[in-house]
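Please read this note with the structure open beside it. The points below go through the chains in turn and then the cores.

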Amino acid sequence: MASTVTMTVNGKSVTGAVEARTLLVHFLRETLGLTGTHVGCDTSQCGACVVHVDGKSVKSCTILAVQCAGSEVTTIEGLATEDALHPMQEAFREHHGLQCGFCTPGMVMSAVDLAKTNPDPSEHEVREWLEGNLCRCTGYHNIVKSVVAGAKAMRG
Amino acid sequence: MNAQPETGIGASVRRREDFRFLTGRGNYTDDINRPGQLHAWIVRSPHAHATIEAIDKAPALAVPGVVAVFTGADMVKAGVGSLPCGWLINSRDGSPMIEPPHIPLSPERVRHVGDQVAVVIAETREQARDGAEQLVVTYGELPAIISMTEAIKPGAPLIWDQAPQNSCYDWEFGDRAGVEAAFKGAHHVARLELVNNRLVPNAMEPRAAIGDFDRGTGEYTLYTTSQNPHVIRLLMGAYVLNIPESKLRVVAPDVGGGFGSKIFHYAEEAIVTWAAGKLHKPVKWTADRSESFMSDAHGRDHVTVVELALDKDGKFLALHEKTLANMGAYLSTFSTCIPTILHSTLLAGVYTTPVIYAEVRAVFTNTVPVDAYRGAGRPETTFLLERIVDIAADEMGIDPVELRRRNFIPKDAFPYQTPVALQYDSGDYFTTLEMATKAADYAGFEARRAEAARRGKYRGIGVSSYIEACGIAPSQVVGALGGRAGLYESAEVRVHPTGSVTVFTGTHSHGQGHETTFAQLVSDLLQVPMESVEIVHGDTNKVAFGMGTYGSRSLAVGGMAIMKAVEKVVNKGKKIAAHLLEASEADIEYKDGKFQVAGTDKAKAFGEIALTAYVPHNYPMETLEPGLDESAFYDPKNFTFPSGTHICEVEVDPDTGVTEIVNFVAADDFGRIINPMIVDGQVHGGIAQGIGQALLEGCIYDQQSGQLLTGSYMDYCMPRADDLVSFKVETHNVPAVDNALGVKGCGEAGAIGSPPAVINAIVDALSSLGVRHVEMPATPHRLWQIINEKRAAKAA
Ligand code: FES
Ligand code: FES
């Protein structure tokens, strides 16, 4: 049943053996050792697993690894440069948008996608957009603040 | 103090743990993989109550990759013990609570959906799961008991043969005769029956555990999602697997939220550790979210009758509570003290009620065990108190804020001895109430209600003044009340030769930001730069001992242990400095990072003293050991008592039953604050969970079959970003008296204060319809029904 799949992850071409049923999130975590992408549920409800596939935010527990053959995938590990955090990461740090950090990678990846399509989101728009990302720690208060500030920083 | 204002006590220092979490470099249990590791899949009961007639392992063992299958019978044969309960409660007749056994894999009978029946271990997780699907278990179904009121009826089927009427204990507390007399003479008695809804804690990181065994050394290691690794080492080692502490290491690395649910010693921890020892290979288990729903301890689940007696001026004369508390099918680690010791001892609330009497009966049902969840007993107390105060206010025609004010413990009454054992050290309930009513524009509310009414909406405002007992806890008090542990905390402050500092704390951070807060604390106390202070926690091989993090205790107990150890370091430093400076020790003062002879400019910097301690060429060797590494245990004198007022304003849409939170204000007293940014974050998170309890969350079982109906995020409604608003939080901090840091704790306050504020607001919104009480969660469906029934009754 195993086959191999090739895709670009965080700018590097990777090839690995997968089963037909292997989800992208398991390929990232187990085959590639990219454990920054988390699994918080089994019903595609929590968003802890959000990554970018060809520039769009995707719940990586909802897509098979084989479906991503040939795609460009960016995970939380691929967001910062050697020298600096991404402005959205920086905004989460500055505004205390994380506590335990478990939802954080998915939140940040979702937020970056929002800011790309809507560079100046209102608080209300942020709340609507993040509806698919659960956080149990922050009450969302500081996440919303972080995303508004992060989007602003991304506008430059 | 405040030597470094930008990093010291009181500064909103940005968190040092954030870099790793923001860049995907966190190290959670499921991120860890051990060489040669096997994977475990737990076979769980599909029935709420059944006997295990037979288990045929052969089909599972035939699945490719499956290495082993173990059952409860295997565990019993190997002498595996029972998961222990940490708190003994005696019934009113003096008899001890019924304490049934809890073998990690159930040997003969299953007692809730999700109960552990067997473990299948294979080379991959998928193979283990495939194997589990092939395991043939023959069950003999028994009638299930889900409702507490059914469970206590004579003749109800028994979950444990040794527990008649499914009763674990029948406990009483307080002054029965005094309360009866006060009720007889009362001008008014307010009475309410209410339910405190069952919740699923739902930390975002599912539980996980890896057991490892080193044949070379005979040492076991358990990596686990725990709030208290040393407690797990003690309970699992001593009671379940019979492994001495010296051969058992427990590591709780980064943990993705706990909220109480990761305090307890869970079956899976023992299963993987034991299996690793048998198979001589690491064994890993990670819960699916569906498994979390049916195996993490749940929270709350009380059915209560509360009565409050008042005189004609609205002064509280007496309070009586009668509660049924759900224990689930087994006693989880701290389950028994939640509805008793952590609950009824707070029945005075912030009020001068002179006599109080509580009756609490704990009941077994065929459900997941219930234990501490953020607040643990105190949200239940606050909910019943703040609801009955509002009911009384309404019935007596007194404004609810005014009624609270009339009964508050006065500011000058501290220390205040309540009639229910606790002695409050400090507080200022009037000021936090004042702040909250101002921030919420309580005075201007009626205009907003009228404006909303013109738009066809019901608008309401609700107040809740809470108090909680944190800083758990003085060991001797705990012991006298049935606790089977000491609840001190330990710390070690290790100064290295170059003056950098590693601090080992027995508390555990799973979102609270201890690595930042404690570094701020030590930097401030020791007057060294924050960058040179490292905080270590979560590994029993690094940290000598600890009781962990829960009950908002980390700073009030753990921080105090750190402070004590720092004091020892400074005292030893003084001795070394006195020797080097040829002065008397009594003349040395430690200031601005220097040991100085008072009144002179003769001084030695902290770094020089550290170096001397490790390079002791010129050293008082006859009287002093080399090295600068001090540890301390701190056992608190008293609990701490954070308090405050929360105010919620809502609009209910009669067409849909949907409640919109339009404003939420919290004014809290947390004592001295180290990092205000982190404290605000704790309050936000607590409020969100409290609003979740009030509006959205409810764990529901089918009453006949005992199936868990809310077993995933599709059915259990978690608060999402678009369900909530931004909160207004402020503090008025009265330093705690009974600890030298003056800190009180802030982790649970939000979840304690907020649910009654929300429900009081909804009841206020619907008061014109004659609504007197609304049960939680106040879902759109529930409110829509209430509104329609009341409107129909009015029309008729
Ligand atoms: S893991 Fe929950 S949505 Fe993907
Ligand atoms: S920070 Fe813990 S779940 Fe969001």
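**Notes on the model**

1. Chain B has an accessible surface of about 26600 Å², and carbon and sulfur atoms hold 52% of it. Chain A exposes about 6000 Å², with 51% supplied by carbon and sulfur atoms. Areas are from the Shrake-Rupley method with a 1.4 Å probe; for residues, only the protein chains shown count as cover.

2. This is a predicted model, in which local features need pLDDT of at least 70 and side-chain atom pairs count only at pLDDT 80 or more, while totals for chains, interfaces and linings use all residues. Residues are numbered from 1 along each chain as its sequence is written, chains are lettered from A and ligands numbered from 1 in the order in which they are written, and side-chain values use heavy atoms, leaving out hydrogens and water.

3. Chain A contains 5 helices and 5 strands, in the order β-β-α-β-β-β-α-α-α-α along the sequence. Chain B contains 20 helices and 28 strands. Helices (H or I, at least four residues) and strands (E, at least two) are DSSP runs, numbered from the N terminus.

4. For the 796 residues of chain B the globule rule gives 28 Å, and the radius of gyration is 28 Å, so chain B is as compact as a globular protein of that length. The radius is taken over C-alpha atoms, and the rule is 2.2 Å times the number of residues to the power 0.38. Chain A, with 156 residues, has 15 Å, which agrees with a compact globule. The C-alpha trace spans about 95 × 75 × 50 Å along its principal axes in chain B and about 45 × 30 × 25 Å in chain A.

5. How much of each chain is buried? In chain A, buried residues make up 56% of the 156 residues; in chain B, they make up 66% of 796. Buried means under 20% relative accessible area (1.4 Å probe, protein chains only).

6. The largest nonpolar core has 183 residues, and those with the most contacts inside it are A:F92, B:Y424 and B:I762. Such a core is a set of buried Ala, Val, Leu, Ile, Met, Phe, Trp, Tyr and Cys residues joined through side-chain atoms within 4.5 Å. Beyond its neighbours within four places in sequence, B:I762 is in contact (heavy atoms within 4.5 Å) with residues including B:V650, B:L695 and B:L783. A second, separate core of 49 residues includes B:V495 and B:I576. In soluble globular proteins, nonpolar side chains tend to be buried together.

Terms used. Buried < 20%, exposed > 50% of the residue type's maximum accessible area, 1.4 Å probe, protein only.
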